[in-house]
Amino acid sequence: MLFNLTFTGVFLYLLFRLLISFWISPARTYTKLKRNGFGGPTPKFPLGNIEEMKKISASSVAKVSSGSLAVSNDIHSAVFPYFAQWQKSHGKVFVYWLGTEPFLYIAEPEFLRRMSKGVLGKSWGKPSVFKHDRKPMFGNGLLMLEGDDWIHHRRIITPAFSPANLQAMASSMVESTTKMLDKWTSLLNCGCLEIDVEREIILTAGEIIAKTSFGMDYANWRQVLEKLRALQITLFKTNRYVGVPFSTILFPRQTLEAKKLGKDIDYLLFSIIEDRRNSNAGYHQNNLLGLLLQENHEERRKTLTTRELVDECKTFFFGGHETSALALAWTMLVLAVHPEWQNQLREEITQVTGNKEIVFSRLAKLNKMGWVLNEVLRLYSPAPNAQRQTREDITVNNLTIPKGTNVWIDVVSMHHDPNLWGEDVNEFKPERFENDLYGGCKHKMGYLPFGFGGRMCIGRNLSMMEYKIVLSLMLTRFSFSLSPNYSHSPRIMLSLRPSLGIPLIVRPL
């Protein structure tokens with residue numbers, strides 16, 4: 001009995017010491033930030049502000065559920081209700097906690113500009129707590145790399161997105177989109193007028209990225225897409241405690257499920273890569289994977305290992321289809337609400353293409369479509385936030401942000417800030433981008449559709465090309481209106497997604 005009591009006491013003491021060790025380094029960072037004048041909600045060890053965030057989110061969901069289902073573009077308080085509430089008390093720059101990890105929250109573009117001024121891409125990293133949590137999905141791909149490794153991978157991958165390579169991908173995009181639209185025609189002929197365009201576009205975007213970037217066949221890309229979607233739900237829709245010590249032990253089912261899905265995806269991609277390596281034509285295919293597989297005989301150090309290739313494939317398969325698809329899906333929503341813009345875009349498409357096949361060289365002339373894209377990326381940015389972790393001390397306004405500080409940049413807040421955009425901030429007005437790349441925003445760092453600095457999205461030109469091709473084909477065959485079954489429910493699940501889909505009434509032209 002005495003032995004059991006002694007053992008229990010020692011175990012609890014060691015556990016307490018271990019928990020304290022998780023707290024010491026972040027507490028030092030937090031103390032420095034507080035000393036420099038950064039306020040914020042009071043954390044509670046060891047959960048930080050997570051319980052308060054959950055409570056505020058639950059209250060917000062209850063209000064939305066009991067309120068109007070009308071489409072409102074004022075979404076910040078719906079997707080980030082805790083940040084919206086804390087801004088009222090602590091301003092647009094403050095400190096909050098995820099478990100034992102303090103984060104510097106930023107929704108002030110001038111502060112962000114001064115903080116990032118002169119900071120090289122390799123001086124920023126991803127918060128370690130997210131790198132570990134999201135490893136099953138991204139591994140050590142470009143999205144999670146930093147420093148010299150990030151520079152090395154970026155240099156190897158960049159040539160894959162040259163104009164010549166993008167042009168070669170255009171025909172595959174037309175082919176996949178046409179197949180989707182032919183399916184819609186069949187559904188309409190059978191009397192089905194309502195189509196969930198978000199689900200359809202996600203599938204088509206998955207097929208496009210699989211063909212254009214990896215040369216995958218149908219069976220392989222559907223497996224990868226389905227497992228990535230299941231992994232996304234496991235990582236970002238479950239009741240987890242990121243940043244809390246031993247959270248992986250507290251939620252073993254989700255942890256094991258995420259690891260298993262990650263390994264399943266790894267195996268599928270590894271098999272595809274090995275098959276391509278064993279094929280003489282594999283190195284010469286004009287797609288992302290083919291280019292990454294090419295041997296550089298002069299500098300072999302430039303090549304990527306199979307493990308690195310797998311991680312880059314996971315990163316680009318998810319990022320390459322998700323962001324493009326969501327931009328298109330949200331566009332269909334706002335165009336269904338604003339049919340006059342459907343007509344304007346159709347007229348522009350006719351003027352630019354002359355009712356002929358869409359070709360790569362003419363996409364840049366679809367100016368109004370570019371305005372619409374920019375406005376959708378402002379109102380419904382697929383990348384609703386950016387995270388960084390400082391790799392050196394950074395001074396802003398004579399205040400020092402210590403090395404190792406986690407940083408959370410609230411893109412949704414800045415894109416919906418009336419002080420930056422005016423009182424019509426929540427209105428869909430693509431014309432605001434007619435003569436201004438930043439849409440009239442009063443601060444250039446207030447509009448971040450593709451991130452900022454050296455870590456800006458490498459695939460943005462691919463996404464814009466896909467957007468214009470797919471949208472042009474949809475608008476020249478169908479008209480769209482809002483279904484009475486649509487419920488406006490934007491939610492964060494890594495990306496900004498319509499949690500209940502986007503059912504629209506589709507009619508042939």
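Let's start with an open sheet of 3 strands, in the order S4-S12-S9 with antiparallel pairing. Strand S4 (194-196) and strand S9 (478-482) stand at the edges with a single partner strand each, so one side of each has no neighbour in the sheet. On average, neighbouring strands here are turned by 45° against each other, direction ignored. Strands, like helices, are DSSP runs numbered from the N terminus (E, at least two residues, for strands; H or I, at least four, for helices), and two strands pair if DSSP finds at least two bridges between them.

A word on the source: this is a predicted model, in which local features need pLDDT of at least 70 and side-chain atom pairs count only at pLDDT 80 or more, while totals for chains, interfaces and linings use all residues. Residues are numbered from 1 along each chain as its sequence is written, and side-chain values use heavy atoms, with hydrogens and water left out.

Back to the sheet. S9 is joined to strand S12 (residues 503-508) by 5 bridges, and the two run antiparallel. Look for Leu482, which stands opposite Leu504 in S12. Helix H15 (residues 306-337) packs on the sheet, where it touches S9 and S12, and its direction makes about 80° with that of S9. Helix H10 (residues 197-214) lies across S4 and S12, running at about 50° to S4. Contact means heavy atoms within 4.5 Å; axes are lines fitted to C-alpha atoms, for helices over the stretch in contact, and angles run from 0 to 180 degrees between N-to-C directions.

Next, find the hairpin. Strand S10 (residues 490-493) and strand S11 (residues 495-498) pair in the antiparallel sense over 4 bridges, and Met493 stands opposite Ser495 in S11. The hairpin has 1 residue between the strands, and Leu494 takes a positive phi near 70°.

H15 returns here, giving the largest share of the lining, 9 residues.
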